[in-house]
Amino acid sequence: MTLAKSVLSFKENYGQAMAVTAPLGSVVSTSTAAIVYAGTSVVFTTLLSLLASALWIYTLTRYSRKIASAGGFYTYSFSAWRSKKLSFAEALTELFAYSMLNGVNAITNYLLVDIAFSIEGRSIPLWIGIVVIIGSVLYPTLISLTHIKKLMSYVVTMSATAEAVLLIVLFIISLHNGFHFNYIIPSKNLSMGDIATAFVLTTVSISGAGAATYLGEETKDPTKNVAKGMWLALIIGGISMFLGTYALVALWNGSLSTLANSPQPLLYETVTYGSITMFIALVMSMNSLLSSNIGTTIGAARVLYNLAREKAAPKFFLKTNKEGEPLLATITVASITAVVTVVSIFTLGIALAFTEVSSVTGILWLLGRVFDGVGVPVFYWRIRELNVSSIIVPLVATSINVWGDFTSIISMDVNQAIILTSIAIITVIWYLKKARFGTPGRLVVDEKNEVVDVEEYLKKNVSAT
């Protein structure tokens, strides 16, 4: 069987984009990890991330309004550079970034439950911790195998919008003492490496709105609806995440210097309004993280599925279920997530695994964006539509991403270096053994939602190349 074709509208694309943005889940996951590095300056790095993400989504729409992706961002990379090495490298970067973010969110769910128990003066039972970790991997996997339209319409879209409303409410509550402009100014005591790492972490979530591009084959009129979904998710999800991060800092009851040492500030803040309020925040936060994992699992599975069509991955990834969902590709993503989660916890411990895997995820997340951003002017030159806006905005966005990624890389520790090196080795071996004999990145989606070669599509539908 094949993927379902032309079954999604603008609403479902918004749902997918908001799922990966996961504003509430991001506040308790990547933003909380960013606080470890930036402290109260996390508000500044989130604002910078919002700006960078807006530039990135604009950059991404320069591609998506011309061609519909059949397998993710790496399709756009090939449309610009015509390099299957670069395209495949980005495909694997996306695959591991999404799978590792799933692991980070699974660990975060454990930490949320653990902190909730400790606030109530109890220790989390071992069996509950195990159930939380296993459930955080299995639930997104199993539900991702249901029909994509039903999943995005009823499971993701409503919950993602509800969490944005909660963050806006928290921001309004935080204004009872006025607005603190000093929170959006970076501390002079921070190193550039800490600011960059925090920026990378917060950017991971906000820029997740771009995940709608993976649904090109399944979306009606994808060159219009995908872009609309991304922009709406960025506006609602990105702004609510910034407001929620500000509230996280403004509502902190203790000394601001102790904020970075708090494992889950949101729970400590909401418990001041009662245990029921904390429980509601806990449930909604966990649901947000699970929704995020649904979106990333869907995206990563489609990377593997499309690589198999391009003969750059084993053909068993083409196996789909009766709902038209990539079965074995989804299971493989879950397996990678499980390995990352279990190995990192047992080798680093739960707290260190959270920060280390989060940091590597952020580095991988931005790495592919660098290639895509620089590629926009090249792509528009190929289709003979090069103009000022297709040069300046993508290069500005890329410059910010290069700064964040490069500064984070030169500041990374041994654990992070080992993880990145392992991923690089896997990518090289995979390419040499399989992908170099295929055509990774060549397939795009036409106006009838059929998968065609990018060269043929551009000659027929855009401009002469």
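This is a predicted model: local features need pLDDT of at least 70, side-chain atom pairs count only at pLDDT 80 or more; totals for chains, interfaces and linings use all residues.
Residues are numbered from 1 along each chain as its sequence is written, and side-chain values use heavy atoms, with hydrogens and water left out. Local features need pLDDT of at least 70 and side-chain atom pairs count only at pLDDT 80 or more, whereas totals for chains, interfaces and linings use all residues.

Helices (H or I, at least four residues) and strands (E, at least two) are DSSP runs, numbered from the N terminus. Three strands form an open antiparallel sheet in the order E1-E2-E3. Its edge strands, each pairing on one side only, are E1 (68-69) and E3 (451-453). Two strands pair if DSSP finds at least two bridges between them; two bridges join E1 to strand E2 (residues 443-445). Within this pairing, Ala-68 stands opposite Val-445 in E2. Helix H17 (residues 454-461) packs on the sheet and touches E2 and E3. The direction of H17 makes about 90° with that of E3 (axes are lines fitted to C-alpha atoms, for helices over the stretch in contact, and angles run from 0 to 180 degrees between N-to-C directions).

The structure holds 10 salt bridges, defined as a side-chain nitrogen of Lys or Arg within 4 Å of a carboxyl oxygen of Asp or Glu. In one of them, Glu-455 is joined to Arg-82, with the closest N and O atoms 2.7 Å apart. Glu-455 belongs to helix H17 and Arg-82 to the loop between H5 and H6, 373 residues apart. Another salt bridge joins Arg-369 and Glu-90 (3.4 Å, N to O). Because Arg-369 lies in helix H14 and Glu-90 in helix H6, this pair ties together parts that are 279 residues apart in sequence. Both residues are buried (under 20% relative accessible area; exposed is over 50%, partly exposed in between, with a 1.4 Å probe and protein chains only). Glu-90 has a relative accessible area of 1%.

Glu-217 forms a salt bridge with Arg-309, the closest N and O atoms being 2.8 Å apart. Salt bridges that share partners join Lys-5, Glu-217 and Arg-309 into one network.

A nonpolar surface patch of about 920 Å² includes Trp-81, Leu-367, Phe-371 and Trp-381. Patches are made of residues with over 30% relative accessible area and no salt bridge, like charges being joined within 9 Å and nonpolar side chains (Val, Leu, Ile, Met, Phe, Trp, Tyr) within 5 Å. Accessible areas come from the Shrake-Rupley method with a 1.4 Å probe; for residues, only the protein chains shown count as cover. Helices H14 (350-382) and H15 (389-411) each supply at least two residues of the patch. Trp-81 lies in helix H5 (residues 73-81) and is partly exposed at 31%.

Conventions. Contact means heavy atoms within 4.5 Å.
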